[in-house]
Amino acid sequence: MLDTLNTIDETARTALSAADSVDAIKAWYNAHLGKASELQGILGSMGTLSKEDRPIVGKNGNRIKRELQAAYDARLVELKQAEMVSKLSAEALDVTLPGRPIKRGRLHVSTQILNEIYAIWADMGFQIYRSRDVETDEYNFQLLNFPVGHPARDMQDTFHTTEKDVILRTHTSPGQVHAMREFYPEPIRVILPGMCYRYEQITSRSEVQFHQVEGLAIGTDLTFANLKGTIADFARRMFGKDVRTRFRASHFPFTEPSAEVDVECFICGGKGCTVCKYAGWLEIMGCGMVHPNVLRNGGYDPEIYTGFAFGMGPERIAMLKYGIKDIRYFWGNDMRFLEQF
Ligand code: DAH
């Protein structure tokens with residue numbers, strides 16, 4: 001019996017040293033130590049053995065089983081280790097390779113210009129007042145001194161909604177009345193940025209949507225001189241410290257007097273170039289002293305208060321600044337355009 005056990009032991013050890021992978025050693029385990037193995041068979045049938053064989057098998061069989069189990073455990077660790085090492089070297093990472101850059105998002109060119117404009121006006125004491133995109137005819141026109149049927153409305157073709165007199169704002173000016181009604185009787189220094197909408201044929205110079213930045217200052221002693229000085233200061237901060245401004249008489253229903261502001265062409269310095277069409281000047285905004293009717297509509301008595309307002313188009317400024325020839329690029333979602341800023 002002892003011979004049988006020793007043969008089992010020897011065969012198992014030879015097979016174990018030949019097993020050279022984790023899979024092979026697991027198969028070895030089933031064959032030599034598993035339930036169906038010869039050794040387990042002998043250990044499981046002790047009851048049928050003769051008196052002499054029983055202690056021999058009990059002692060040696062269990063010793064062999066323990067030793068084989070220990071040899072198996074040790075070999076398993078070895079093989080697992082070896083497999084890990086070969087896997088690691090096969091999948092070796094070259095950590096000296098430069099990383100692949102992650103694609104980063106960027107701010108839209110309009111947002112960049114808006115941020116520049118906000119920072120300048122913030123520096124000059126103007127806070128941002130947000131006003132709604134969906135307006136009523138009353139706020140968008142009537143309270144701004146455009147009566148129903150006024151020809152100036154034709155300049156701002158309007159998107160109507162299915163709700164009567166509810167429209168998309170055609171300019172940021174209706175925010176003036178919202179701000180006045182909220183701040184009365186305090187003095188006001190605000191800018192009103194936002195998207196505007198016009199039902200216009202889309203061309204290289206006009207889009208159905210665009211930003212405006214409106215400005216409003218109300219106080220008891222504001223004059224046209226304050227308007228001129230403030231806007232000239234803005235232009236110097238935005239376009240260069242030596243840039244000159246020019247005010248041309250104009251008309252808006254909600255300001256009186258009204259003006260359009262030109263800055264000296266910041267591309268050619270006023271000498272004349274294709275951007276300024278050899279005029280030397282670029283138009284950047286409309287402005288004026290707030291009309292008494294508008295002050296009244298906002299709750300401010302025009303006998304006591306005066307104010308000035310202005311409105312500019314950041315996309316227009318971006319077009320001038322970067323030489324963008326077509327306003328449709330702004331909302332065309334073409335990465336080749338957007339990635340340039
Ligand atoms: N709302 C005018 C427009 O869309 C722009 C404008 C002109 C705004 C003069 C003003 C202003 O506040 O004083 O054409």
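This is a predicted model: local features need pLDDT of at least 70, side-chain atom pairs count only at pLDDT 80 or more; totals for chains, interfaces and linings use all residues.
Local features require pLDDT of at least 70 and side-chain atom pairs count only at pLDDT 80 or more, whereas totals for chains, interfaces and linings use all residues. Residues are numbered from 1 along each chain as its sequence is written, and side-chain values use heavy atoms, with hydrogens and water left out.

The protein is divided into domain 1 (2–90) and domain 2 (109–338), with bounds that come from an automatic or database domain assignment. Their C-alpha centres lie 90 Å apart.

The structure holds 18 salt bridges, each defined as a side-chain nitrogen of Lys or Arg within 4 Å of a carboxyl oxygen of Asp or Glu. One of them pairs Lys 321 with Glu 116 at 3.3 Å, N to O. This pair connects helix α10 (residues 314–322), which holds Lys 321, to helix α5 (residues 109–123), which holds Glu 116, across 205 residues; helices are DSSP runs (H or I, at least four residues) and strands likewise (E, at least two), numbered from the N terminus. Lys 321 is partly exposed at 32% relative accessible area, and Glu 116 is partly exposed at 30% (buried means under 20%, exposed over 50%, partly exposed in between, with a 1.4 Å probe and protein chains only).

A further salt bridge, 3.1 Å from N to O, joins Asp 262 and Arg 246. Asp 262 belongs to strand β7 (residues 255–264) and Arg 246 to strand β6 (residues 245–252), 16 residues apart. Asp 262 is buried at 3% relative accessibility, whereas Arg 246 is partly exposed at 33%. Elsewhere, salt bridges with shared partners join Asp 9, Arg 13, Arg 63 and Glu 67 into one network.
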